[in-house]
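Please read the points with the structure open alongside.

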Amino acid sequence: MSKPFQAIRGMNDILPGESALWQALETTLREVLATYGYREIRLPLLEKTELFARSIGEVTDIVEKEMYTFADRNGESLTLRPEGTAGCVRACIEHGLLHNQNQRLWYAGPMFRYEKPQKGRYRQFHQVGAEAYGMAGPDIDAELICLSARLWRRLGIRDVTLQLNSLGSSAARAAYRDRLVAYFEARRAELDEDSQRRLATNPLRILDSKNPAMRGVLAEAPVLLDHLDAESQAHFEELRTLLDAAGIAHQINPRLVRGLDYYCKTVFEWVTDALGAQGTICAGGRYDGLLEQLGGPATPGIGFALGLERLAALLAAIGQPGADANPHAYLIAAGAAAQRRGLALAERLRDQWPALRLRMHCGGGGFKAQFRRADQSGARFALILGEDEVRTGVVAIKPLRDPDGQQLTLSPDQAAAFLGAALDAPPRS
Ligand code: HAM
């Protein structure tokens, strides 16, 4: 016999036992985004490879070694999106969504990166991202951060910290880069292999190194925040004032540089200690140059994306229940005549109560086996149709979760009213 297939490493199934939590999470995210005026944009999973190389940056880890890239049947190089910002910008430019208008947009879905899988880091993972275009001031930066803080409050998440930094203008960053390279060159021997390689390609990323052996050389490195241009400095100060006014605590992390090249000015991450090494649940920043760089109008942009796997793990860790997905009722019907009646009754109840979760027993079996299934389903009530009920035109309702509950025999109309009351939902007019 051949071995059963397994999913691709780092690509997870979200099983029925987990999906209620995901749905509850997604519903909350959608609701909060809508209250801030964000509208959904749905984007393809595949884009031209060039889009990611030009936006995320040629010498980033993502583009250098993590993209799922292949030639399609025409020989065109395509890539499964490793993130959503590039595609969102592409779509806005392509559809003229930025002409004389601001946009607040969100998207959700799977992203793909060929990373080393570990807890909280996967090769297919899911993000919800929010992007805002056309607003240059720190007010929108503050609003986006307030929005993310509200998400945590709505989700019952407490122990997250906001880390904040500014990368300045591209000119300030270029000048800082030279200063940093000179510093690291002078202390080259203290750099690990990876950082020596980055010195030539992406020296700012060296600051992000987690290698304890490099702690000394990193601690004494020049700090970008000390070398900001005046405009970025003022932007950053005002953002901090706005966050203080909104009561949002933040830590300045001068080492926060982010792994994607398109950022300028504000960058931020929400971090928790509750998830081990992969503790960043949400990250983003400003990318004022990206739209022009991709052939669009010179429009400022800012956004963030949160990792749903990490949020779901955090919610599970703090014991947040998902939405109740158990059926309200399980319909048991023994015998051919009862099954026919049962199907018709189930459809009628569903017509009347659109929110009713009614599971009908299919697949045959006697009363005993059917009751066992009803019990396993977690349903509150069993609706029972046997020969007697069919003959007398009634249905029996047995409470399954209430030890004191009495079995009732009701007409179909009474049964519908009973379930409606249990549902606490208005009937369809
Ligand atoms: P990012 O920092 O690469 O930024 O990813 C954002 C979030 O996605 C991370 O903080 C993390 O929660 C989650 N994430 C990233 N990689 C993985 C992975 N391999 N497995 C599980 N979760 C992961 C971006 O993607 C930017 N596009 C964010 C942004 C939007 N900036 C501006 N607008």
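1. S148 is buried, with a relative accessible area of 0%; buried means under 20% relative accessible area, exposed over 50% and partly exposed in between, for a 1.4 Å probe and protein chains only. This residue lies in helix 5. When its neighbours within four places in sequence are left aside, S148 is in contact with W270 and F304, where contact means heavy atoms within 4.5 Å.

2. On the basis of the note: this is a predicted model, in which local features need pLDDT of at least 70 and side-chain atom pairs count only at pLDDT 80 or more, while totals for chains, interfaces and linings use all residues. Residues are numbered from 1 along each chain as its sequence is written, and side-chain values use heavy atoms, with hydrogens and water left out. Helices (H or I, at least four residues) and strands (E, at least two) are DSSP runs, numbered from the N terminus.

3. Helix 5 also packs against another helix. Two packed helices are described by the angle between their axes and the distance between the axes. The axes of helix 5 and helix 9 (residues 230–245) come within 9 Å and cross at roughly 40°; axes are lines fitted to C-alpha atoms, for helices over the stretch in contact, and angles run from 0 to 180 degrees between N-to-C directions. Helix 5 and helix 9 are therefore oblique to each other, given that angles under 35 degrees count as roughly parallel, over 145 as roughly antiparallel, 65 to 115 as roughly perpendicular and the rest as oblique. The crossing of helix 5 and helix 9 is right-handed, that is, the near helix is turned clockwise from the far one by less than a right angle.

4. Which residues make the contact of helix 5 with helix 9? Helix 5 contributes P138, D139, D141, A142 and I145, and helix 9 contributes H235, E238, L239, L242 and L243. By class, six are nonpolar, one is polar and three are charged. In this division Ala, Val, Leu, Ile, Met, Phe, Trp, Tyr, Cys and Pro count as nonpolar, Asp, Glu, Lys and Arg as charged, and the others, Gly among them, as polar.

5. Helix 11 (residues 308–317) is largely enclosed by the rest of the structure, because seven of its ten residues are buried. These are L308, E309, R310, L311, A312, L314 and L315. They pack against several elements, including helix 1 (16–35), helix 5 (138–155) and strand 9 (264–272). Just after helix 11, G319 takes a positive phi of about 75°.

6. Strand 5 (residues 103–112) is likewise largely enclosed by the rest of the structure, since eight of its ten residues are buried. Strand 5 pairs with strand 6 (residues 124–133) in the antiparallel sense over ten bridges; two strands pair if DSSP finds at least two bridges between them. The bridge partner of A108 in strand 6 is V128. Strand 5 also pairs with strand 1 (residues 39–40), in the parallel sense and over two bridges, with E40 opposite W106.

7. An open sheet of three strands has the order 2-4-3 with antiparallel pairing. Its edge strands are strand 2 (46–48) and strand 3 (68–71), each pairing on one side only. Three bridges join strand 2 to strand 4 (residues 77–80), and L46 stands opposite L80 in strand 4. Helix 2 (residues 49–56) lies across strand 2, strand 3 and strand 4, and runs at about 75° to strand 2.

8. Five strands form another open sheet, in the order 13-12-14-15-16 and with mixed pairing. The edge strands here are strand 13 (358–360) and strand 16 (408–410). Neighbouring strands of this sheet are turned by 25° against each other on average, direction ignored. Strand 14 (residues 381–385) and strand 15 (residues 395–399) run antiparallel and are joined by four bridges; A382 stands opposite K398 in strand 15.

9. Two helices lie across strands of the five-stranded sheet. Helix 12 runs at about 165° to strand 13, and helix 15 at about 125° to strand 16. The axes of helix 12 (residues 336–352) and helix 15 (residues 412–423) come within 11 Å and cross at roughly 45°, which makes helix 12 oblique to helix 15. Their contact is made by L345, R348, L349 and Q352 of helix 12 and P412, D413, A416 and L419 of helix 15. These residues divide into five nonpolar, one polar and two charged.
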